[in-house]
Amino acid sequence: MLAMPLPFAAQVVLTEVQRQELEKLARASSTPQSLAFRTRVVLRASDPDRPPNLQIAAEFGCARNTTAKWRNRFLEAGLSGLQDAPRSGRPPTFSPLHAD
């Protein structure tokens, strides 16, 4: 029986400018918490010890799939990949005139 190879996550290599921008977003109190979390995941993934998704997930208390998702989105689209994707369906509307 053949052993399944262990999948290795793609390495995240940040430029100094990218690192500074991610650190700034992670620290800013005005950054939405979801984006701050995503930036911390990417920053941790870029550390010299090259942690696997499972290790990052354990450190951050989330699922391995979550860390893999944000690592891959960042590698594919950079900082814009960490933003919320547009959702399908009608956008919510609110009008003070129709509030009950």
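## Ile 56 and its contacts

Which residues is Ile 56 in contact with, leaving aside its neighbours within four places in sequence? In this predicted model, they are Val 41, Arg 44, Ala 45, Pro 51, Thr 67 and Arg 71. Ile 56 sits in helix H3. Its relative accessibility is 0%, so Ile 56 counts as buried; the cut-off is under 20%.

One of these contacts is Ala 45. Ile 56 and Ala 45 lie 11 residues apart in sequence. In space, their C-alpha atoms are 7.3 Å apart.

## The two sides of H3

Helix H3 covers residues 53-60. Its buried residues are Asn 53, Ile 56 and Ala 57. Seen down the axis of H3, these buried residues fall within an arc of 100°, so they line one face of the helix. An α-helix has 3.6 residues a turn, so residues three or four places apart point the same way.

What covers the buried residues of H3 includes H2 and H4. The face turned away from the buried side carries exposed Leu 54 and Ala 58. Just after H3, Gly 61 takes a positive phi of about 70°.

## The largest nonpolar core

The largest nonpolar core has 14 residues. Those with the most contacts inside it are Val 12, Leu 14, Leu 22, Val 42, Leu 43, Phe 74 and Leu 82. Helices H1 (16-27), H2 (33-45) and H4 (64-77) each supply at least two residues of this core. H2 gives the largest share, 5 residues.

Take Leu 14. Not counting residues up to four places away in sequence, Leu 14 touches Arg 19, Leu 22, Val 42, Leu 43, Ser 46 and Phe 74.

Conventions:
Residues are numbered from 1 along each chain as its sequence is written. This is a predicted model: local features need pLDDT of at least 70, side-chain atom pairs count only at pLDDT 80 or more; totals for chains, interfaces and linings use all residues. Side-chain values use heavy atoms; hydrogens and water are left out. A nonpolar core is a set of buried Ala, Val, Leu, Ile, Met, Phe, Trp, Tyr and Cys residues joined through side-chain atoms within 4.5 Å. Buried means under 20% relative accessible area, exposed over 50%, partly exposed in between (1.4 Å probe, protein chains only). Helices (H or I, at least four residues) and strands (E, at least two) are DSSP runs, numbered from the N terminus. Contact means heavy atoms within 4.5 Å. The arc is that of the directions from the helix axis to the C-beta atoms.
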